[in-house]
Amino acid sequence: MIVVEDLRKVYKNGEIEVEALKGVSFTIEDGEFVSIMGPSGSGKSTMMHVLGCLHQATSGKYFLDGEDIGTLNDNQLAIIRNEKVGFIFQQFNLLARSSALRNVALPLVYRGMKRSQRQEKSRIMLEKVGLGHRLDHWPNELSGGQKQRVAIARALVNDPSLLLADEPTGNLDTKTGKDIMKIFLELHDQGHTVVLVTHEPHIAEYAERIIHLRDGEIEKDEQINTSKAEALRQD
Amino acid sequence: MFLAIIRMALTSLKVNKLRTLLSMLGIVIGVGAVIAIISIGSSAQQDVTREIETLGSNIIWVSPSWNLSSADREELFTMEVAAELEALSPSVAQVVPEKTSGGRLTYQGESVDTTIVGTTPGYATINLYQPVAGRFLDQTDIEDLRNTVVLGSDMADEFFSGEEAVGERITISYNNRRSRFTVIGVMEDKGQVFAGNLDAQVYIPITTHLARMSTTNDIDTIYAEGAANAPAAQARQQVDYFFYRYLGDSDDYSIFSQDQILQVLDEVSTTLTLMLGGIAAISLLVGGIGIMNIMLVSVTERTREIGIRKALGAKKRHILAQFLFEALSLSGFGGIIGIGLGWLATYFVTDLGGWEMVVSPIAVGLAFGFALIIGIFFGLYPAIKAARLDPVDSLSYE
Ligand SMILES: Nc1ncnc2c1ncn2[C@@H]1O[C@H](COP(=O)(O)OP(=O)(O)OP(=O)(O)O)[C@@H](O)[C@H]1O
Ligand SMILES: [Mg+2]
């Protein structure tokens, strides 16, 4: 469960201060599928970085599964990222010089898992996203959709309590984007908590709830009807 | 996990083979140079030491100083003093006097100017000098003041060129005095020693020399051979003490010993080797800077990779270990190649010099250890830089 209270994030570059988040509060229950939407510069990525424990908020509270993230040091944040958060990025962010299998296994390395176990688990993860036949391929030998599936397998491999996706379909064509969204819906159906950051309404509408950001503030927080998700599920 | 991080480091070195090789080059050359210089140095040193040891065992030689007047010299440096030295010094096995003068040899109308050495039978033993035909001087030659001569190998070649010399009669002239001598022996090739080129001299009984070829009674050099069972320094001390007591002034005579010369030689070559080795070690430092340079470039290039790793849960120390191990591998592999290179260089140079090859394991260990330390030292800063990168900033790095 995610609880955010009056969260602020200020970027300081010398004299210039940019307030990217100006006091944001919301709660996301376990198993929810939430989109965070807003125009460019509204603070979506900043929000995602805080939720993903990549950096600390300037003030306010953030509880992840009851843990007060604001009190943790760098090492503890690394452990949370490793065990509780799965990231999916617009640019895929795979290691270019590693096979699909090695990319997926990376979070397990930092968890200290044995090699044979790592490979076994990563293989199963890749099979789940339909890439059982691409284990030893390098990222440059995979299509965009396949890369994003490797990234999803990597995000899932440590069985995190929160999946964070920042514009996951931004670099994909409509058809492939739909395929990826279908995977997110399946994960949601399996009980994963999914937070999706996007500025495209038609992508945001696959979720069951949309938080609209504007200039670092919540403009609207609405439940939406799931007819679009339902249509994709039937597809 | 440690193994996995090592594997990551090796993988990234493997991906960029040419760069890896180039960044190791400084260390390769540095380690190779240190090992080659020290090994070549000690090979040469061992060769020289061995050569000196073949010149004779533990010899001390004493001669009058230049500042001693010829009257004093004549009175003080005599055969009797030589005999007394032998009698009074327990650590001295034998004493051999030497008197030299320039003279002319003539045989069947052919003449050559050479050095005439007057000495005793002990001269052959202390110089480890063997006849190849006939014999060296013996006690009877000395006692009877015989006109017998032993030829150095060059002198024998000069007059007899391979033919039988022993038994032939040869004329020696000195200061317009001429005497006929009988050749009783020809010596082996010995070449240059401290006393000069033994091959180019001829040897006659010192008594004959003093009686017929000298205007004065003093001798030029007194050789003392240290007893085999006494320490080299002890024999030298006794001889020194004898002459100091006898002459009352250490400026009146000069004394040298083989172990002293060996020691000086040893010191000089060790200093030289260390100095050159030190200069080579500086090239190791330069190699370290090369590694740091490459590692810094690598950290910048791989900023995004570092960001990804951090997003997936890598702690600072994981990133630090990965980059540090990369630097360490560079210097380690460079060091191993350098050892091979140094060994090869030593092999070729010692082969060229005809010396026995001595590769000092200490030099190898030191050079390799130093290379590893340099790898850690110069790899640390880039690795810390990598570990400290902010995850968000590095993820958005283009
Ligand atoms: N490192 C930074 N230093 C200074 N200002 C920053 C930094 N990162 C973001 N900002 C500023 O914070 C604000 C919010 O940025 P953010 O990246 O969260 O927007 P976004 O909603 O993700 O936009 P987009 O849709 O373009 O990705 C912007 O005004 C941006 O300029
Ligand atoms: Mg953004």
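Mentor: Let's start with A:His49, which is found in helix α1 (residues 44-51) of chain A. Helices here are DSSP runs of H or I with at least four residues, strands are E runs of at least two, and both are numbered from the N terminus. Keep in mind that this is a predicted model, where local features need pLDDT of at least 70, side-chain atom pairs count only at pLDDT 80 or more, and totals for chains, interfaces and linings use all residues. Residues are numbered from 1 along each chain as its sequence is written, chains are lettered from A and ligands numbered from 1 in the order in which they are written, and side-chain values use heavy atoms, with hydrogens and water left out.

Trainee: Why does A:His49 count as buried?

Mentor: Buried means under 20% relative accessible area, exposed means over 50%, and partly exposed is in between (1.4 Å probe, protein chains only). A:His49 has 14% relative accessibility, so A:His49 counts as buried.

Trainee: Which residues does A:His49 touch, not counting those up to four places away in sequence?

Mentor: They are A:Leu54, A:His55 and B:Val392. Contact means heavy atoms within 4.5 Å.

Trainee: How many residues are in contact between chain A and chain B?

Mentor: 25 residues of chain A are in contact with 25 residues of chain B. The area buried between these chains is about 2,400 Å², and carbon and sulfur atoms give 61% of that. Buried area is the accessible area (1.4 Å probe) that two parts lose on being put together, summed over both.

Trainee: What makes A:Asp74 and B:Lys316 a salt bridge?

Mentor: The definition asks for a side-chain nitrogen of Lys or Arg within 4 Å of a carboxyl oxygen of Asp or Glu. The closest N and O atoms of A:Asp74 and B:Lys316 are 3.1 Å apart, so the pair meets the rule. The rule finds one salt bridge across the interface of chain A and chain B.

Trainee: What makes a group of residues a nonpolar core?

Mentor: It is a set of buried Ala, Val, Leu, Ile, Met, Phe, Trp, Tyr and Cys residues joined through side-chain atoms within 4.5 Å. The largest such core has 71 residues, and A:Ile2, A:Phe26, A:Met47, A:Leu51 and A:Tyr62 touch the most other members. Its largest share, eight residues, comes from helix α13 (residues 361-388) of chain B. Apart from it lies another core, of 38 residues, including A:Ala155 and A:Tyr206.

Trainee: Which strands of chain A make up the open sheet?

Mentor: Its six strands have the order β6-β7-β8-β3-β9-β10 in chain A, with mixed pairing. The edge strands are β6 (85-88) and β10 (217-223) of chain A, each pairing on one side only.

Trainee: Why is A:Asp6 called partly exposed?

Mentor: The relative accessible area of A:Asp6 is 38%, which lies between the buried and exposed limits, so A:Asp6 is partly exposed.

Note on methods
Two strands pair if DSSP finds at least two bridges between them.
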